[in-house]
Amino acid sequence: MAMTVIAVLLIKTLLITSCFIPSSGMENTLYQGEGVLVSKWSYGLRVPFPSVFGYHRIGEQPVKCGDIVLFNNPNPSDKDRRIESRELFISRCIGTAGDTLMLNRELIDTAGKVFSPDSKSLYCYPASCEDSVRMMLDSLGISGNALVGYTPEGAYIRSFSHYEYYLLTQLAGERIPFSLYQDGIKEKAYPYVVPQKGRAVEVHPWNRALLCNTIRNHEHKRAEIRRDTLFVEGKPVKMYVFSKNYYWMASNNPVNLYDSRLFGFVPEDHIIGKALYVWFTSQKGRFFQRIE
């Protein structure tokens with residue numbers, strides 16, 4: 001019995017771990033309540049207890065855009081809590097160290113590649129079509145797409161994945177004029193450089209607050225904004241050279257905020273591993289389904 005317990009602990013510590021999906025942010029790739037297996041070797045094994053022994057990886061490999069990644073909360077309410085004991089988040093990586101993303105005022109990527117048909121966008125349609133849309137959602141078995149809001153003109157807004165949108169438009173034909181909701185997304189976007197170790201990132205009005213928080217929370221330097229200028233260790237800076245690699249994580253659903261819009265850049269020492277398989281689910285046909 002003791003040997004079994006030791007073997008399980010070693011496997012969980014050194015090979016794989018498991019987590020349950022806490023929210024609906026990754027639907028329809030992952031559903032709330034599902035259990036997933038995560039490989040700790042996908043990006044190299046993070047040496048246990050990095051808060052004690054320092055951050056090191058064995059067999060380090062880069063995180064790739066499109067990967068669904070498990071990581072520790074980069075912005076916990078208790079800043080002194082050790083990295084390895086913080087709550088877990090799982091999201092899709094859409095920006096790796098050194099990438100430049102075009103993000104709008106809501107920090108939504110406006111020009112990036114669609115990494116999954118489950119990635120969602122906001123669509124609007126006339127209020128007079130609401131009953132028909134609800135009937136189509138029921139007939140297609142699409143659930144969880146609650147009404148998000150209304151346009152200034154009174155049209156209804158819902159969040160659909162690219163695949164769901166395809167199914168709806170195929171069924172609706174020309175009867176229901178769905179359109180991508182651009183006004184609510186505020187399409188004016190700015191370039192955000194994802195920090196890379198040893199690379200200088202320029203400070204601009206649109207990224208100033210995000211860089212300040214990253215430098216203070218993860219580079220562990222004194223950083224503040226005074227009169228629209230970023231100060232680091234008491235000195236004004238126009239650029240900053242980062243000591244770590246960082247990543248930008250996004251949920252499938254733009255309405256769900258459990259991603260980098262909430263907690264900013266995710267540093268490399270918070271990365272645990274890549275999600276591989278669903279091992280627990282209430283959804284038919286998803287047991288041990290590979291996660292893409």
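Where is Phe-288 found? Phe-288 lies in the segment after β20 (271–280). The structure is a predicted model, in which local features need pLDDT of at least 70 and side-chain atom pairs count only at pLDDT 80 or more, while totals for chains, interfaces and linings use all residues. Residues are numbered from 1 along each chain as its sequence is written, and side-chain values use heavy atoms, with hydrogens and water left out. Helices (H or I, at least four residues) and strands (E, at least two) are DSSP runs, numbered from the N terminus.

**Residues with positive phi**

- Phe-288 is not a glycine, yet its phi is positive, at about 60 degrees.
- Phe-288 counts as partly exposed because its relative accessibility is 44%; buried means under 20% relative accessible area, exposed over 50%, and partly exposed in between (1.4 Å probe, protein chains only).
- Asp-228, also a residue other than glycine, has a positive phi near 65 degrees.
- Asp-228 sits in the loop between β14 and β15, and it counts as exposed because its relative accessibility is 58%.

**The sheet β14-β15-β16**

- Three strands form an open sheet in the order β14-β15-β16, with antiparallel pairing; two strands pair if DSSP finds at least two bridges between them.
- β14 (223–226) and β16 (235–236) are the edge strands, each pairing on one side only.
- Four bridges link β14 to strand β15 (residues 229–232) in the antiparallel sense.
- Among the partners in β15, Val-232 is bridged to Ala-223, and Phe-231 is bridged to Glu-224.
- β14 and β15 make a hairpin with two residues between them, and Arg-227 in the turn has a positive phi of about 50 degrees.
- Helix α5 (residues 208–217) packs on the sheet and touches β14 and β15, where contact means heavy atoms within 4.5 Å.
- The direction of α5 makes about 150 degrees with that of β14; axes are lines fitted to C-alpha atoms, for helices over the stretch in contact, and angles run from 0 to 180 degrees between N-to-C directions.

**Partners of β20**

- Strand β2 (residues 35–39) pairs with β20 in the antiparallel sense over five bridges.
- In this pairing, Val-36 stands opposite Val-278 of β20.
- Strand β5 (residues 68–72) runs antiparallel to β20 and is joined to it by three bridges.
- Here Phe-71 stands opposite Ile-271 of β20.

**Helices α3 and α4**

- Two packed helices are described by the angle between their axes and the distance between the axes.
- For helix α3 (residues 130–140) and helix α4 (residues 162–172), the axes come within 11 Å and cross at roughly 115 degrees.
- On the α3 side, the contact is made by Met-136, Leu-137, Ser-139 and Leu-140; on the α4 side, it is made by Leu-167, Leu-168, Leu-171 and Ala-172.
- The contact has seven nonpolar, one polar and no charged residues; Ala, Val, Leu, Ile, Met, Phe, Trp, Tyr, Cys and Pro count as nonpolar, Asp, Glu, Lys and Arg as charged, and the others, Gly among them, as polar.

**Cysteines**

- A disulfide is a covalent bond between the sulfur atoms of two cysteines.
- A search of the whole structure finds zero disulfides, counted as pairs of cysteine sulfur atoms within 2.5 Å.
- The closest cysteine sulfur to that of Cys-124 is in Cys-129, 11 Å away, which is too far for a bond.
- Cys-124 is buried, with a relative accessible area of 11%, and Cys-212 counts as buried at 4% relative accessibility.
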